[in-house]
Amino acid sequence: MPKHYRPPGKKKEGNAAKYMTRSQAVKYLQVSLSVFRKLCILKGVFPREPKKKVKGGHQTYYHVKDIMFLKHEPILEKLREMRAYEKKVKKAMSKKNRDLAERLLSRKPTYTLDMLIRERYPRFVDALGDLDDCLSMIHLFAALPAIDREREKIEVNRIHNCRRLSHEWQAYISRTHKLRKTFISVKGIYYQAEVEGQKITWLSPHALQQVLPDDVDYNIMLTFLEFYETLLAFVNFKLYHSINIKYPPILDPRLEALAADLYALSRYFDANSRASEMELKLASVENGAKSKDAELEESELRLAQLQHQLPSNEPGALMHLMEDAEGKDEDDAETMECRNLFKNMKFFLGREVPRESLLFVIPAFGGVVSWEGEGAPFEESDQSITYQIVDRPTQGRKFLSRDYVQPQWVYDCINARIILPTDDYMVGRVPPPHLSPFVDNEKEGYIPEYAETIRRLQAAARKEVLPMPGMDIEDLADPQHLLAEGVIDRAEAIEAAEKKKKIAALQEQYHNELKLELQGANYSSVSNDAIQNATLNSEAVEASVPDLQQIAEDAANMSKVLMPRKKRKLYEAMQIGKGRQQAHVGLLRERKRKIDAAKGSK
């Protein structure tokens, strides 16, 4: 009898009963491979890796429970209906029966993904935690051109919908000041926001002409996009209603035609916030004694509700976000810090800078921004402008009342949370290195020179004392170093030295008493001479102790010998990783030394 023989009729056991291959799943569900992929993407079913692959290692395996989960999905029936509908339309068109084809086209079956969103994300926090890929995909398609190929088609309305959803998300983040980090890379611009305790990071491509490669399956990406559009619409709806803003927003068509969607959304926020404030006042008036002022309040309410539908060019109306006093008390310290970073500052953007990104990040940190072109809230000649963001070496005209800086200055100020000096970011100069806020320099083991400069500027803004170059953190506790650097005067240095001596004496006495207690003596009845003798004995013992570093190395080698082979291999891999990291740090320092030497030779 063969080893794996199973009598006919006997139930399967083990991995053969828990998993099935993709071909078996497609045959079981009686759908095509494309429909099966779409169904798995929408339902969130992914392949599994069983411990023992019964059908071979080249197969893709799915859990049987997941396939049973797909079998009873209502969308599966809708997809089958759509397949049958397409066959009917194709048959009517081939028979040149236009009346039947038109009737069929008017009754096209559709489906919605609302119940799938509720099913996959029962809590709102779960949806926020899974929003990274969603935002990156929607921002990507918002920058892509429309294509109409034989098998791949990206419609214009899908691109417009992605652009609208991305602007709605950015407008909420900018209004509530939830943006925390940003970084410009070759791939695009990275953003990180914190919404209801969840850190959300996404990538937005640069505003350049995108080239669509031919080796990408856009049908799968469009299936993901279909689900992500519905998810982000749900999230935006929830977030907008949390700040008493109606969703979807109604924008000014004139500003929308001028590609100033963020500005139009900010004005919509202003109108709705004022309308909600008027509604509260009107409710208080109706509940109380009715007076003649009630009619005036009601008329102001109607005007505020209709204001967002009327075109308006009043100056200073840009990005008046979160001016309501009701939201100020609910913000945490970090949000308040972000809101006040660019407070009372006005920015003007040149034509060559990334306008959409700066229109998003500057108001998110409390600034007021305008640009060159139609629909701008104020002109370039406004004397109250404090900074003009340009990226051209020469300017046609300059105003002495403002600073001309490169766009990198804005992003570096956001990451540092302070207003950096503009000398290194002046037009025509090579700016400092753009450091990533997502990298932990302490953990990497290498701190760039400009990161150290920013850290000292942050400490100066907080009125903290940091060690000078060449000093350690421990040197701050040494009064001689502080006196030599001029941080404190001589009287304070003498007082700090005496205090340090007292603390050291008490610590030494405490350690001596602990040693006597370990030896079994009653230190409360021991005289001072005994304590001094014990101190001398302990010093002699410490002098006879071998090198502690050698003992630690011997203990590490002994523990490594006693480890199981699997753990020992893991430990060796960790040590190899640490060695590579140290080699990388050494390479960075060598490069820095060569650059400094080249600058010194010039």
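His72 is exposed, with a relative accessibility of 61%; exposed means over 50% relative accessible area, buried under 20%, and partly exposed in between, with a 1.4 Å probe and protein chains only. His72 sits in the loop between H4 and helix H5 (74–94). Helices (H or I, at least four residues) and strands (E, at least two) are DSSP runs, numbered from the N terminus.

Before going on, the ground rules. This is a predicted model, in which local features need pLDDT of at least 70 and side-chain atom pairs count only at pLDDT 80 or more, while totals for chains, interfaces and linings use all residues. Residues are numbered from 1 along each chain as its sequence is written, and side-chain values use heavy atoms, with hydrogens and water left out.

The chain has 24 helices and eleven strands. Of its 602 residues, 36% are buried.

Now to Lys43. Is Lys43 buried or exposed? Lys43 counts as buried, because its relative accessibility is 5%. Lys43 belongs to helix H3. Leaving aside residues up to four places away in sequence, Lys43 touches Phe69, Leu70, Glu73, Leu116, Glu119 and Arg120, where contact means heavy atoms within 4.5 Å.

Just after H3 comes Gly44, with a positive phi of about 80°.

H3 (residues 33–43) packs against H4 (residues 64–71) at an angle of about 100°, and the axes are 11 Å apart. Axes here are lines fitted to C-alpha atoms, for helices over the stretch in contact, and angles run from 0 to 180 degrees between N-to-C directions. H3 is therefore roughly perpendicular to H4, the term for 65 to 115 degrees. H3 contributes Phe36, Leu39, Cys40 and Lys43 to the contact, and H4 contributes Ile67, Phe69 and Leu70. Six of these residues are nonpolar, none polar and one charged.

Next, the strands. E6 (residues 189–195) is largely enclosed by the rest of the structure, because five of its seven residues are buried. Strand E5 (residues 179–184) pairs with E6 in the antiparallel sense over five bridges; two strands pair if DSSP finds at least two bridges between them. A hairpin of four residues connects E5 to E6, and Ile184 stands opposite Ile189. E6 also runs antiparallel to strand E7 (residues 198–204), joined by seven bridges. Glu194 faces Lys199 across that pair. The E6–E7 hairpin has two residues between the strands, and Glu196 takes a positive phi near 55°.

Last, an open sheet: four strands in the order E9-E8-E10-E11, paired in parallel. Its edge strands are E9 (368–371) and E11 (403–405). Helix H16 (residues 355–364) lies across E8, E9 and E10, at about 165° to E9.

Conventions. Parallel < 35°, antiparallel > 145°, perpendicular 65-115°, else oblique. Nonpolar A, V, L, I, M, F, W, Y, C, P; charged D, E, K, R; others polar.
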